[in-house]
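Here's a quick briefing for anyone meeting this structure for the first time. Take a look at it first, then read on.

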Amino acid sequence: MDTKLISDVTNWMKTTDLAEFCYEQNGNCIEIKTEEALPEPAQYTCSLTAVTAPAVGIYHMAEKGKSLTLTEGQTVQEGDPLGWVETVSKKHALTAPVSGKLRKIIVQEGGVVEFGLPLFFIEK
Amino acid sequence: MRSLVNMTPFHKVLIANRGEIALRVIRTLKEMNIKSVAVYSEADRNSLHVRMADEAICIGAAPSSLSYLDIDALVTAAKVTHADAVHPGYGFLSENADFAKAVTQAGMVFIGPSAQAIEMLGVKSTAREIAMKAGVPITPGSNGIVGKNYHAVAKKIGFPIMIKATLGGGGKGMRACFKEEDLDLMMKTAQGEARANFGDDRVYFEKLVLNPRHIEVQVAADNYGNVVAFAERDCSMQRRHQKLVEESPSPFVDTKTRQKLQEAAAKLIKAAKYRGVGTVEFLMAPSKEFYFMEVNTRLQVEHPVTEAVCGQDLVKMQIQIAQGEPLTLTQAEAGKVRCYAIEHRINAEDSAHNFMPCPGTLTEWIPAGGLGVRVDSHMYSGYTIPSYYDSLIAKLIVTAPSREKLLKRSERCLNEFVIGGVKTTIPFHQKILANEDFRRGNTDTGLIERMMKQDEGKK
C-alpha cells in the first residue's frame, strides 16, 4: 500500500473536523463521519445505592424488646438505623448511607450474612 | 492407655487460612468424609480453596488484618456455618493463643495444641526453660530476659552471641553480635525491631553456633500421653531465615544422631504436655552436637517432606488427635526412613533482583509430574496472584530411593515446570541443585548467602 497516500490523508484529516474516513477505490465507496455524528459514549448511572454487610454474622432488625419495621417502598433519611449485624463479640450497626426510598430488602431477620453481601438497595 | 478415650468426631471443619495449605486440609477432610468450610477475603474470591470446599464464606476485605487475622470474623464464620472444629493451617493465626482460646470458648475444637501450650512454647525463654528441665540440650545463653547488666551476661556466655526477641519469629528482632564493642548498637537494633514487630522489646541472649545446620524433628502427640517423633528434616537452605529447600533425612545425620534427636524432641513434647502435631527445631554444630531452638506449635509448610519419608498423612493425624483418637502409630513405624524426600518452595519472586515479590496473572501453568513427584499449589492458568499475601505459589516435593536419584529427579522436575506471566524462584532452585556443596550435603544456614555473594562477584 502507498504509505505516502496514508500520510497525505492523515495530514489532510487534521485540517478538517472529520472523525472517521473510509475509502475504497474500485467499488467507489467513501464513508465519512464527523465528530458530532459519533455515538455518545454510554453513560451508566444507577439510582440504587447498596447497603452491604460490614461483617460476617447474623442480621437483626431490632434489639430485643424494641421494634423497627422496615418495608419496601418506605422513605429513609441518611443516618436512619437499618438494624445491625451481630458477630461473636461485636455488633455492627447499619445506617442508611443516603436519603431515599427503600427499594429492596434482601436480608431477613436472623439471617446469616457474609462480608460485602448487599442487604438493602436505596433509591435516591 | 490408662485414660478413658473420649472421642468427638467432626462433621464440619472450617479452615482459617488460604492458598495451598487450605487446599491441603480440604483434600484430607474429603478423604475423611468431613465437610469443609473455606473462608476468603475479597481479594480471594477466585481462589481455588473457595471452589474446592463444600461451603465458602467471605470474611472481610483484602488486607490480612481485616480478614485472615480477624479472630472475631473467623470465629463468627465458624459459628454461622455450624462447624465443629477450626483448622488454622500455618502462618496467620496458627500460633495465636487468643485465637485458639476464642475458638474453644465458642464451643468448637481448635485443631492444634491448647492455648496454654501455644502461649508457653511461643515465649522462647519459657520454651528454653522447659527444654532445660526436660534434659534437652540448649545453647548456653542468658536463660531468660536480659536486664541492665547485659554486658556482664554477654561476657559470661562468650562472644559471638545472638540477641533474640522474646516474642520473635521469622528472623525479626534477631541480631548477631561478634564482639563487645558492637553490643550496645546491636542491642538497640534488636529491641527496636522487636518493639516494632511484636510490641514487646524484651530480648534474651544465646551463644551463636557458627556454621550451624537447621535440623528439625516432626512430632505428633495425642491426648493420652503417646508421643512419636519422625525422621529429621534438614532446613539449612535458608535465606534471611526463610526456608527455601527442605530435605529428609538430613545428609549429615547418622542413625545414632537421628535416634538422639528423636528422643530429645519426644522428651520436650512430653514435658510440655503438648497435644497435636508440631515441630521441634534444633541447631546442629559441625560436631553433630545439637541444641534446642524452638517449638513450632502448628503444621509446617514443609510437612509433606516427612509425609513422603514416613508414608503418613500428617493432617489426618492432626485431625484424629483433635477428635480425641489415640495414636496408633508406634515410634518404630514413625521413625522409619522409607525414602529420600526434598521440597522446593516456589515463590512468585524475582531471585535475580533480591527476591522481589512478583504478583501478577499466570499466563501458563504446567506443573512437573511423574514418578515420585507431588505439587501442592493453589495456582491455575489465568489466576491472578494477589499482592496482599505471601508469595509462595507452589511446593514441589520429590521423592526417590537415594539422595543421588533424588537430586536428579528434582533437577528434571524444575526443568519441566512451566510458569508463565510471573517471575519465580525456579532458576534459583536450579542453582542450588548445581551447587557443589549442596550436592555433597555440605550445607549450613549460611550457604545460600554465600551462593548469592558468589553470583554478585560474577556480575
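Of the 459 residues in chain B, 50% count as buried, meaning that 20 or more other C-beta atoms, placed from the backbone, lie within 10 Å of a residue's own; 12 or fewer makes it exposed, and anything in between partly exposed. Keep in mind that this is a predicted model: local features need pLDDT of at least 70, side-chain atom pairs count only at pLDDT 80 or more, and totals for chains, interfaces and linings use all residues. As for labels, residues are numbered from 1 along each chain as its sequence is written, while chains are lettered from A and ligands numbered from 1 in the order in which they are written.

**Chain B as a whole**
- Chain B has 16 helices and 21 strands, which are DSSP runs numbered from the N terminus (H or I, at least four residues, for helices; E, at least two, for strands).
- Its radius of gyration is 22 Å, close to the 23 Å from the globule rule for 459 residues, so chain B is as compact as a globular protein of that length. (That radius is taken over C-alpha atoms, and the rule is 2.2 Å times the number of residues to the power 0.38.)
- Along the principal axes, the C-alpha atoms of chain B fill a box of roughly 60 × 55 × 45 Å.

**Domains**
- Chain B splits into domain 1 (12-111), domain 2 (140-207) and domain 3 (213-458), with bounds from an automatic or database domain assignment.
- The C-alpha centres of domains 2 and 3 of chain B are 28 Å apart.
- Chain A has domain 1 (3-37) and domain 2 (48-123), and 57 Å separate their centres, taken over C-alpha atoms.

**Where the chains meet**
- 13 residues of chain B are in contact with 12 residues of chain A (C-beta atoms, placed from the backbone, within 7 Å).
- On the chain B side, β3 (55-60) and α3 (71-80) each give two or more residues, and α3(B) makes the largest share, 7 residues.

**A closer look at helix α8(B)**
- The 16 residues of α8 (residues 183-198) of chain B should span 22 Å at 1.5 Å a residue, and the end C-alpha atoms are 22 Å apart, which agrees. (The expected span is 1.5 Å times one less than the number of residues.)
- B:L183, B:A190, B:E193 and B:A194 are the buried residues of α8(B).
- Seen down the axis, those buried residues of α8(B) fall within an arc of 105°, so they line one face of the helix; the arc is that of the directions from the helix axis to the C-beta atoms.
- On the other side of α8(B), B:D184, B:L185, B:G192 and B:A196 are exposed.
- Just after α8(B), B:G199 takes a positive phi of about 65°.

Notes. Two residues are in contact if their C-beta atoms, placed from the backbone, lie within 7 Å.
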